[in-house]
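Subject: A structure for you to look at

Hi there,

Here is the structure I promised to pass on. Please open it next to this email, and then read on for what turned up.

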Amino acid sequence: MIKKILIIFTLGIITVVSYIYFRRSTVIHIQQVDIIRQLQKNAKKKNLDLTNIRISDDNNLMASLKNITIIMSSNKDIENQLNSLQKITKSFTIERNIKIVDFRFDKIVITYD
């Protein structure tokens, strides 16, 4: 992993962008890394063992919780989404096997096996 600074000169304006460069030519902005770290920290406080956390092409947060795929909206409050996820996993997993929990819409979408 190599941390680099990218300077972009566009229309007479210099923009400095920090990013992390991985060997597979994947570029992740430092801001995205901070969002992922904050999500990990808040999830850990709620005893939610989120794994495989990533930011999708459309800037949504994606993660796994056991065998459940979690899709979180980057436009909504992460703390509220984690609170809802905590309630959902406690109450709904007893009744059915949850496959996907999607927070991108006005109402949470839960998909079962």
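Before we start, one term: a contact, or touch, means heavy atoms within 4.5 Å. Please also keep in mind that this is a predicted model.

Let's begin with Leu50. Which residues does Leu50 touch, not counting residues up to four places away in sequence? They are Leu39, Ala43, Ala63, Ser64, Leu65, Ile70, Leu82 and Leu85.

Leu50 also belongs to the largest nonpolar core, which has 19 residues. Leu50 is among those with the most contacts inside this core, together with Leu39, Ile70, Met72, Leu82, Leu85 and Val101. At least two core residues come from each of α1 (30-45), β4 (50-55), β5 (61-65), β6 (68-72), α2 (78-95) and β7 (98-102). Helix α2 gives the most, with 4 residues. As background, nonpolar side chains tend to be buried together in soluble globular proteins.

Now to Ser64, which sits in strand β5. Is Ser64 buried or exposed? Ser64 counts as buried because its relative accessible area is 18%, and the cut-off for buried is under 20%. Apart from neighbours within four places in sequence, Ser64 contacts Asp49, Leu50, Thr51 and Asn52.

Finally, the sheet. Its 5 strands follow the order β4-β5-β6-β7-β8, forming an open sheet with mixed pairing. The edges are β4 and β8 (109-112), each pairing on one side only. From one strand to the next, the twist averages 15°. Strands β5 and β6 run antiparallel and are joined by 5 bridges; Leu61 has Met72 in β6 as its bridge partner.

Happy exploring!

Notes
Residues are numbered from 1 along each chain as its sequence is written. This is a predicted model: local features need pLDDT of at least 70, side-chain atom pairs count only at pLDDT 80 or more; totals for chains, interfaces and linings use all residues. Side-chain values use heavy atoms; hydrogens and water are left out. A nonpolar core is a set of buried Ala, Val, Leu, Ile, Met, Phe, Trp, Tyr and Cys residues joined through side-chain atoms within 4.5 Å. Buried means under 20% relative accessible area, exposed over 50%, partly exposed in between (1.4 Å probe, protein chains only). Two strands pair if DSSP finds at least two bridges between them. Axes are lines fitted to C-alpha atoms, for helices over the stretch in contact, and angles run from 0 to 180 degrees between N-to-C directions.
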